[in-house]
Every structure is written in structure tokens, then in C-alpha cells.
Amino acid sequence: MTASHSDSLVVLFGATAGAYGAKLGSDERELILLVWQVVDLPSKKVGALHKSLVKADNLDLSDQCREVTGLTAEGLGKVEPLDQVLQQFSQLVSSDLKVLGRSSYTLCSDGQSLIRQVLHPEASKKNLLLSDCFYSFYDLRKEFHTCYPNSAAVKDQTIKTMAEYLGLGTDETEEDFGVWQVKTMVAIIFSMLSESCNHIFTEPETVKYKYETGPCSKSETVDSETVIRARGLPWQSSDQDIARFFKGLNIAKGGVALCLNAQGRRNGEALVRFVNSEQRDLALERHKHHMGSRYIEVYKATGEEFLKIAGGTSNEVAQFLSKENQVIIRMRGLPFTATQEDVLGFLGPECPVTGGKEGLLFVKYPDGRPTGDAFVLFSCEEYAQNALKKHKEILGKRYIELFRSTAAEVQQVLNRYMSTPLIPTLPTPIIPVIPPPYTIATGSIRDCVRLRGLPYTAGIDDILEFMGDATGDIKPHGVHMVLNQQGRPSGDAFIQMKSADKAFMVAQKCHKKMMKDRYVEVFQCSGEEMNFVLMGGTLNRSGLSPPPCLSPPTYAAFQTAAVIPAEAAALYQPQALLPATRSPQASAAAPPTVTYYPAQTAQLYMNYTAYYPSPPVSPTTVGYIAAPPGAVAAAATAAHSPILPQPGALVRMQGLPYNTGMKEILSFFQGYQYAPDDYNGLIQLSDQARSVLQAPKEWVCL
């Protein structure tokens with residue numbers, strides 16, 4: 001039993017099979033020792049001192065543990081496991097309290113780590129239910145600093161430094177490990193209870209029993225010293241799973257925000273907000289602790305990042321999330337015509353929704369169109385489990401996916417869809433688009449190298465440092481880093497060297513050389529091979545594999561591939577949005593630039609490529625691959641491609657009916673200004689170009 005102001009303390013000390021002192025619990029090792037003694041505060045009497053060894057599942061003791069504790073794996077193999085030791089602890093404490101004539105008590109430990117970082121996480125992993133006494137305790141270091149303000153800071157305190165400050169003459173070597181610590185802690189407490197100090201233990205530390213869900217507003221102020229980012233989470237993990245990973249630490253209400261990727265799916269990351277910076281610092285100590293078989297990385301984050309993910313402004317969402325302690329389930333793939341009655345009927349009477357229709361929240365676009373997503377509230381875990389059993393059951397003609405969700409995910413999904421423009425425009429490049437004053441080599445000369453396995457944090461400076469003296473042999477603008485579709489580094493890069501011999505020397509010298517904590521593979525390749533890879537193909541020891549969009553015969557010879565005429569090619573070139581640029585070596589009679597495009601029914605799988613500046617320094621840019629020579633030759637007789645003016649914007653329309661005509665498209669854009677009155681804009685489309693553009697189920701409009 002515990003009370004806000006107990007007459008008795010149970011002084012508790014413990015050790016694990018790993019780190020000791022300030023790092024206790026940071027290495028995820030199990031508890032192997034508990035020592036405790038009851039102290040009656042009014043009478044200053046003590047009960048018997050108890051010492052119990054604990055049998056760990058892993059008896060491999062660290063060197064520090066063996067040296068400090070003197071324990072061995074053989075001796076620990078014969079003792080009781082944690083659940084039985086905790087049961088004995090409760091029985092012996094109750095017996096000692098009865099002798100002293102007391103009934104309530106509060107634990108008192110040396111710091112926070114034993115309770116928060118050892119007992120609670122281990123009990124959670126072993127599915128042990130801790131008694132109420134472990135959810136409230138006094139931190140002797142904090143109490144000591146309150147009583148003696150001139151002593152060292154709380155984080156620098158130890159049992160030994162506190163004893164030395166008070167001038168207690170105790171010899172650590174005279175007692176068994178753990179016994180000396182408890183006896184010294186009791187002596188420190190008695191000194192604090194003396195008439196000169198008359199300290200009163202009134203405000204214990206608390207551990208939350210469970211995580212509380214709740215909404216978060218963008219107008220809130222979130223202290224950056226309280227937020228962490230957890231990375232490497234299983235995709236199906238919920239906010240309760242994350243709270244269990246941080247068991248023993250106090251997470252703020254609604255403080256778990258699962259991050260979503262561009263497709264609205266969880267990306268294995270979460271932002272977690274704690275009640276104070278002390279709890280956040282303890283959470284950072286759990287870096288690379290395990291959730292199941294996966295280790296979780298824990299890093300610092302900012303309040304702005306948390307609000308970006310978890311914050312919301314919608315009154316509808318705030319009202320939906322105002323019902324506390326509800327289990328949230330996300331439904332995905334609903335028919336666009338589904339109504340509240342349809343969803344309630346799908347869930348059935350075995351999983352009643354909290355508040356009926358009020359417990360449903362449909363996700364919609366700004367114009368009111370449904371997205372196929374909805375969130376549902378359930379009052380208890382049982383109802384939520386019954387709902388999850390309906391995962392991939394049929395509603396109408398579609399199967400419905402059901403997942404556990406969180407308040408932060410509700411905010412995040414609503415924020416994303418509500419910010420979606422009614423008419424999407426071309427995506428903003430990751431790096432400002434500037435007319436490239438160069439072209440990428442497309443020949444068969446093996447004057448390029450491919451770097452594979454780069455650290456994701458590697459930048460241009462890291463690559464130049466990695467290549468060492470060979471940096472001077474890189475062609476101007478010859479460093480090309482490949483980004484994935486999320487705009488993040490893919491771990492690949494291509495380097496154009498001044499000659500094939502230089503490329504060969506670099507590949508021999510730098511292959512499997514270390515960059516930061518990873519080794520990087522370096523292969524010699526040609527400009528043509530480099531372009532194939534950038535288009536989505538693969539280059540390995542087995543040879544070239546074509547991009548998924550091209551069959552091998554088409555890919556090899558470029559004979560049957562469709563070539564968009566110059567008039568239409570401008571629609572597919574990033575340079576179409578920019579003024580025309582010419583190289584100093586360009587001839588006035590040079591053929592127009594065209595874009596190679598696969599067969600009409602194919603989809604182009606092209607990697608996003610960022611071209612970083614290399615000596616001599618040039619502006620950064622984003623571009624696509626130059627057209628293959630075969631495509632250039634095939635279109636050499638085409639008319640010159642006009643360039644779209646600035647300002648201007650292209651809008652791509654997908655999902656149009658095959659019989660859609662120009663009249664329907666102009667009607668769809670009624671009320672918007674398009675350039676100019678002629679629906680063909682400034683591009684004079686030939687019949688051939690018009691047929692190429694009209695065949696796919698897709699339009700590109702000015």
C-alpha cells in the first residue's frame with residue numbers, strides 16, 4: 001500500500017547483469033539482485049535487512065557486474081526468478097510493517113533508474129503485473145538535494161557522495177554488495193530527519209499506470225526538450241505498443257504520434273512526447289532496446305516536428321477525439337458511396353461503436369469527396385478486437401482493411417487530405433530547377449563509376465573526401481546522386497571521370513573502402529549503363545537488367561520503342577518549363593532535343609536523380625536522363641519544339657474516361673484561366689503528336 005505521506009519507507013537497491021550506476025538499465029540487461037529494508041520515520045526504527053538474488057533468463061554477466069557484485073552465473077542459476085522474488089518482497093515487507101505497527105509505505109531508491117529503467121520494462125516484457133507500490137517512490141537524490149541545496153547537482157549525486165557530504169564514515173568494502181548501499185541510504189535518511197533538517201517526505205515520484213490518448217492542437221506549445229523520435233518500429237505497432245516499449249516513463253497525454261509516408265501508410269517512425277525533460281533523457285537511454293525481435297533507435301526531436309505530425313485545427317476532429325480512453329480503429333478501402341449506416345452494419349452488434357454515428361469520422365477531400373478512409377471509436381479493447389477480426393471482409397464489392405490507430409494519426413491523415421489541392425499541379429522539385437549547362441554522357445566508353453551502399457547521410461563533401469586524390473579527375477558537374485521517390489538518398493551515386501583509365505583506377509582503389517561506418521562498393525561502368533540504371537534498370541555482375549517498363553528486346557536496340565514527336569516531347573521534359581539554353585559548342589543546325597518514351601501502354605519507371613555540383617562549382621539542379629541516341633536519330637527530322645513560356649503551369653489529369661473530349665475537359669476547368677484561348681496553347685500539335693497524347697488514359701493540360 002502507498003500513501004501521499006507515508007509513515008514508512010522501504011529503502012530499495014538493485015543491480016542488473018550489465019551496467020552499474022548512472023547507466024543502470026541502459027543496456028537492457030535483467031535484474032539479478034534486490035536488497036531492501038523498512039524504515040519507520042516517526043520512531044526512526046528499522047526492520048530486518050533482506051537480500052534476494054534473482055535468476056535471469058540470460059546468465060551471461062558483464063565483466064563490470066562480476067567485478068562489482070562478486071556474483072557468478074553458477075550461483076544465480078540456483079535462485080528464484082523475478083516473479084517469485086517480487087512475491088517474497090511483498091510478503092516480507094508486510095511482515096516487517098506489522099512488527100513496526102504500520103500499514104502503508106512508499107519505496108525509496110537511489111535515483112530513478114532502478115524503478116523506471118529496470119523493474120517496469122522487465123516486468124512488461126515478462127508480462128508480470130507489478131504491485132501498486134512500484135508506481136510511487138521517492139528519489140533519494142532529489143530529496144537529499146532539497147534538504148541540502150548546497151550539495152552537488154542531482155544528476156551528479158551517488159550514495160557515496162551523499163555519505164561523504166554528511167561525513168558518514170562507512171567503509172564500502174566491509175559489507176556485501178547491496179548491503180552497504182542500503183545501510184548507507186538508511187543513515188542518510190536519518191540525517192535528513194534530524195532536528196537540524198527536519199525533512200519531510202511529501203511528494204513522491206509517480207509512474208503512470210497506462211498511456212492516455214487525446215487530441216493535440218497546433219496552437220499548443222511543445223517543449224523540444226521533451227520529444228524523441230523512435231525509428232525502426234514494426235509497421236503494425238500501435239500507440240499502446242510504443243507506450244509499452246517506454247514502460248516506466250511518463251508519456252504526455254496524446255503524446256504518441258505515428259508517422260505516415262507519402263502514401264498515408266506508417267513508415268516505422270513515431271514521435272513521442274514526455275511530461276518533462278528528465279523523462280525524455282531516460283527515454284534516450286533506451287536507444288537500440290528491443291521491441292520483439294527488432295531494435296528501436298531513439299533520437300532527439302523537436303516540438304515543431306511533433307506538432308507537424310500530431311497537431312490539428314479541425315473542430316470536427318477535436319470533437320471526435322474529445323471522448324477520452326477510446327480505442328481508435330482505422331478503416332481503409334471503403335466504397336466511395338458507403339454511408340454511416342453501411343459501416344455500422346458492416347461492424348455489426350458484436351462491436352458497437354461509441355456513440356453510434358458520432359463515433360464515425362469519414363475522411364474527405366476539401367471538396368467533400370470521400371477518400372475511402374474512416375476512423376471508428378470503441379469503448380473497450382474487446383470491441384476493438386472484434387472489429388479487427390473483420391479485416392479484409394467485404395463491404396459492397398470491396399474488401400476493407402482495419403488497423404489500430406491513434407489520435408495523432410487521425411490528425412495527420414485529416415491534415416494531409418484537407419491540404420490536398422483540388423487540382424494538383426506539378427510537384428515542386430526538391431532542389432531548385434536551373435537550366436543545366438551540361439549533358440550526361442550516353443556513350444559506351446567506361447569512363448564512369450558507380451558508388452553503391454553509401455550512408456544515407458552522405459553528401460557531396462563525403463563523396464569527394466572518399467575519392468581522395470581522384471577528385472581532381474572528376475568531370476565538371478560529374479557527381480550524380482540518386483534519390484528515391486520520397487526524395488531521400490537511395491545509397492547510390494554515379495561519378496563521371498575524365499577517362500576510362502581514371503575510372504578503372506578509382507574502382508580498384510576505392511572498392512569496399514569505408515565511408516563513415518559503412519563500406520562502399522565501387523564499379524566501373526559506361527555512361528550508357530549509368531543511364532539505364534537511372535531509368536530504373538539494374539546493373540550487377542550478371543549484366544544489365546532492363547527497367548520494368550521495357551522488354552529486353554526493346555531495351556537493347558531501341559527499335560520498337562515509341563518516340564514522342566518534338567512538339568509533344570516538350571510536355572514531358574523538365575526543361576519545357578524553362579527558357580531555352582544552349583551549350584557554347586552547340587551548332588545552330590543541331591537537331592532538337594527529344595525525350596525517349598516507351599510504348600504507349602508502358603509506364604516509365606525513372607529514378608529521381610539529384611545532380612550535385614562538383615569542381616568547378618556549378619548551380620544545383622534536378623533533371624532527367626538525356627534521350628538515347630536512337631531516339632534522337634528517329635526524331636531528327638521533327639519540327640523544332642517550342643518552349644513553354646514563364647510564368648505557366650502544367651496540370652496532369654489522370655483517370656479520365658477513354659471517350660473524354662476537349663469539350664469535356666474545358667467544361668471541367670470552367671472558372672479557371674488557361675493559356676491561351678486556343679486549347680492547344682503554344683504547342684502546335686501535329687496529328688501524330690495528337691494521337692500519341694490522346695491514346696493513353698491521361699492528359700497534360702496547359
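Two strands count as paired if DSSP finds at least two bridges between them; helices (H or I, at least four residues) and strands (E, at least two) are DSSP runs, numbered from the N terminus.

**View 1. Strands S1 and S2 pair in the antiparallel sense.** This is a predicted model: local features need pLDDT of at least 70, side-chain atom pairs count only at pLDDT 80 or more, and totals for chains, interfaces and linings use all residues. Residues are numbered from 1 along each chain as its sequence is written, and side-chain values use heavy atoms, without hydrogens and water. S1 spans residues 8-16, S2 residues 31-40, and nine bridges link them. Gly14 has Leu34 of S2 as its bridge partner.

**View 2. Six strands form an open sheet.** The order is S3-S2-S1-S4-S5-S6, with mixed pairing. S3 (45-53) and S6 (205-206) are the edge strands; each has a single partner strand, so one side of each lacks a neighbour in the sheet.

**View 3. Helix H5 packs on the sheet.** H5 (residues 140-147) touches S4 (106-109), S5 (136-139) and S6. Contact means heavy atoms within 4.5 Å. The direction of H5 makes about 50 degrees with that of S5. Axes are lines fitted to C-alpha atoms, for helices over the stretch in contact; angles run from 0 to 180 degrees between N-to-C directions.

**View 4. Helix H9 (residues 277-284) has four buried residues: Gln279, Arg280, Leu282 and Ala283.** Buried means under 20% relative accessible area (1.4 Å probe, protein chains only). Their cover includes H4 (113-125), S7 (227-231), S9 (266-274) and S11 (294-300).

Definitions and conventions: Buried < 20%, exposed > 50% of the residue type's maximum accessible area, 1.4 Å probe, protein only.
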